[in-house]
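Have the structure open and follow along.

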Amino acid sequence: MLFQQTYASSSGVSHAGGNTLVNFSPDLGREPTFFRGKIADPIRYRDAMIALRDVVVSDLNFKPKDNTAYQEWVKQQYLLDIAGILGEKADISIRIHELQKRMTELNKLRTARMGDYYKSRRQYFNWLYNNDKDAWFVLDPVITVAPDQVFFEAFSLDESSYGRLAVHEELFTDVKDFQYGTTNIDFSDNLLAELKRMRTYRPTEFQVDPSGFEVATEGREVYKEKKIDVPTSWIRGFLQVQSAMSMPTSSFELKPIDLYNICNFLRKHKEQHSPRSLKYILQPGEPVKLVIEPWNETITFAGSIYLGDTAQEIRTWGRRRLFLLERLLPLADRITVHLLGTGMPSFYVVDMGNLSFTLGLSGWTRNDWANAGNFDLMIGTSTKATPSQSALVFSQLKLKKTATDSELANWTHLPSDIVQASLRQLCSAGRVMFDLEIGKYRLRELTRDPLPMDQLKYTNPREEAAKQLVEGDKVTLKKRTSQANGWNLEGTVESQKTQVQLDKDGKIASAQCSCYFYKQNRLMQGPCEHMLALLSAHQKS
């Protein structure tokens with residue numbers, strides 16, 4: 001998907017007259033979005049922005065070592081070994097040594113001849129890294145100006161971590177000018193270096209520069225334009241985060257020292273074998289316990305009482321990504337943990353008073369948000385909303401900026417199930433997001449142009465396979481029972497015994513299937529094609 005971004009100037013931080021100006025340059029191709037105000041606590045803002053940058057550059061994918069030099073050495077030794085073995089054949093041995101010597105001379109000549117080229121290439125890539133981050137980062141961060149906060153969103157390089165920094169209205173003083181909306185911002189390494197120079201003794205002003213829109217209106221030359229071919233995985237990742245956030249979670253609070261103890265233990269110990277998980281033990285009315293495997297180190301969080309109704313043991317992987325929050329711990333008041341289940345995403349919301357930071361982690365490091373977890377398939381599809389109904393819900397949310405589904409139902413005079421279906425459609429289209437911190441839906445248009453939903457229609461072979469199973473009449477819905485808390489579906493799909501339990505909102509509460517995919521993954525990677533086909537048959541009936 002090709003996106004074009006136009007900036008009137010480069011984002012930057014300037015220091016003059018004892019004051020600091022943090023200036024973000026917005027994308028002029030989108031609806032005007034700007035903000036001007038002073039930052040009451042520049043140090044908290046600085047550290048939070050650096051933490052967001054840490055998320056952006058995070059890449060924990062396995063990187064194999066470069067064994068080129070070692071392989072070359074093995075090759076040379078192999079030739080020498082051959083010479084020794086064939087020592088009785090003096091002529092061949094002498095000839096091999098002569099060729100070996102000549103090859104060494106030629107390699108030295110080649111290195112000397114190509115030295116200037118290698119030096120120039122290295123200088124070019126260094127320049128590219130410092131001046132054109134498009135080669136390293138897929139898309140500039142997204143910033144949204146809302147009535148109650150200004151927030152930034154970004155993904156890590158490996159697309160397994162999602163970061164959201166919310167700067168609440170209490171952090172701003174002397175707000176001079178603003179226009180609500182969402183836009184991309186120019187965020188370079190030079191900007192990061194200047195952010196690190198922020199100090200408390202210099203009054204700091206924050207602005208999403210409105211002058212750029214004046215430049216565009218007057219037709220003057222812009223600073224730079226970028227055309228970026230964004231992979232569907234980036235868009236898909238954002239949509240999956242919203243789906244996961246709106247699912248039911250098991251939640252509890254931690255103190256900053258509790259998370260510090262987890263990170264401290266992991267830094268001091270290097271696991272050599274599996275399992276490598278964090279196992280949360282949740283007992284209603286009792287302190288939350290954590291077992292760090294494989295050492296079975298147990299930590300009891302005395303100040304964190306689990307208020308849920310059901311006892312659970314939930315295991316999560318990719319735990320070293322929690323290091324991304326270490327910088328924020330001295331500033332944090334509390335941390336709210338939201339767990340979806342074993343092997344499923346988890347969210348850590350760091351409350352820093354007038355700032356908050358949400359870190360969303362996929363099931364494990366190599367299970368990125370875009371490809372492995374299809375959580376949008378689990379949030380309910382039993383009710384459909386017409387385009388006019390979705391447009392009505394969107395217009396109300398655009399007016400109010402934030403709202404719960406019940407509030408939207410009251411304002412639009414639509415049934416609750418229609419409102420929820422409309423919100424699901426709007427979230428899937430990238431126009432609305434669910435704010436886990438406040439438990440409300442929030443207006444946030446991810447892109448300037450409507451997303452090409454035809455390209456995002458089938459993001460996983462299981463979705464397309466489910467449609468083919470239904471069209472091929474291979475689905476038999478044997479039992480369909482209406483219950484107080486939802487529906488219980490039982491049937492046979494392509495000789496596989498399948499059972500799905502839906503809650504009253506049409507979300508998958510639990511499911512089972514006799515297929516290999518379910519036996520291997522359970523629901524950690526979303527429902528299998530047989531569950532999806534059974535759901536489709538249920539909707540048609």
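Is Arg46 buried or exposed? What you are looking at is a predicted model, and in it Arg46 has a relative accessible area of 15%. Buried means under 20%, so Arg46 counts as buried. You can find Arg46 in helix α1, which covers residues 42-56. If we set aside residues up to four places away in sequence, Arg46 touches Leu195, Lys196, Met198 and Arg199.

Now step back and take in the whole chain. It has 541 residues, and 50% of them count as buried. Its secondary structure comes to 14 helices and 26 strands. Look at the contacts between residues with a separation of 6 or more: 69% of them join residues 24 or more positions apart. The chain exposes about 26,400 Å², and carbon and sulfur atoms supply 50% of that area.

Gln149 counts as buried because its relative accessibility is 2%, and the limit is under 20%. The side chain of Gln149 is joined to that of Arg164 by a polar contact of 2.6 Å. Leaving out neighbours within four places in sequence, the residues in contact with Gln149 include Arg164, Ala166, Val167, His168 and Glu169, and also Asp435 and Arg442.

Next, let's see how helices meet. Two packed helices are described by the angle between their axes and the distance between those axes. Take helix α12 (residues 461-471) and helix α14 (residues 529-540): their axes come within 8 Å and cross at roughly 50 degrees. That angle makes α12 oblique to α14. The residues that make this contact include Ala465, Ala466 and Leu469 of α12, along with Leu532, Ala533 and Ser536 of α14. The crossing of α12 past α14 is right-handed.

Helix α9 (residues 405-412) and helix α10 (residues 416-428) give us another pair, with axes that come within 9 Å and cross at roughly 115 degrees. These two helices are therefore roughly perpendicular to each other. Here the contact is made by Asp405, Leu408, Ala409 and Thr412 of α9 and by Ser416, Val419, Gln420 and Leu423 of α10. Again, α9 passes α10 in a right-handed crossing.

Finally, have a look at the backbone. Most residues other than glycine have a negative phi, and most peptide bonds are trans. Where can you find a cis peptide bond? One runs from Ser274 to Pro275, with omega near 0 degrees. Ser274 lies in the loop between α7 (256-268) and β13 (278-282), and Pro275 has its place in the loop between α7 and β13. The side chain of Ser274 also makes a polar contact of 3.2 Å with the side chain of Arg276. Another cis bond leads from Glu293 to Pro294, with omega near 10 degrees; Pro294 sits in the loop between β14 (287-292) and β15 (297-305).

Positive phi values turn up here too. Asp473, in the loop between α12 and β23 (475-483), has a phi near 55 degrees. With a relative accessibility of 67%, Asp473 counts as exposed. Ser495 has a positive phi of about 70 degrees although it is not a glycine, and its place is in the loop between β24 (486-493) and β25 (496-503). At 62% relative accessibility, Ser495 counts as exposed.

Methods. Residues are numbered from 1 along each chain as its sequence is written. This is a predicted model: local features need pLDDT of at least 70, side-chain atom pairs count only at pLDDT 80 or more; totals for chains, interfaces and linings use all residues. Side-chain values use heavy atoms; hydrogens and water are left out. Helices (H or I, at least four residues) and strands (E, at least two) are DSSP runs, numbered from the N terminus. A polar contact is a pair of N or O atoms within 3.5 Å; within protein, one must be able to donate a hydrogen and the other to accept it, and residues adjacent in sequence count only if both atoms are side-chain atoms. Buried means under 20% relative accessible area, exposed over 50%, partly exposed in between (1.4 Å probe, protein chains only). Contact means heavy atoms within 4.5 Å. Accessible areas come from the Shrake-Rupley method with a 1.4 Å probe; for residues, only the protein chains shown count as cover. Axes are lines fitted to C-alpha atoms, for helices over the stretch in contact, and angles run from 0 to 180 degrees between N-to-C directions. Angles under 35 degrees count as roughly parallel, over 145 as roughly antiparallel, 65 to 115 as roughly perpendicular and the rest as oblique. A crossing is left-handed if the near helix is turned anticlockwise from the far one by less than a right angle, and right-handed if clockwise.
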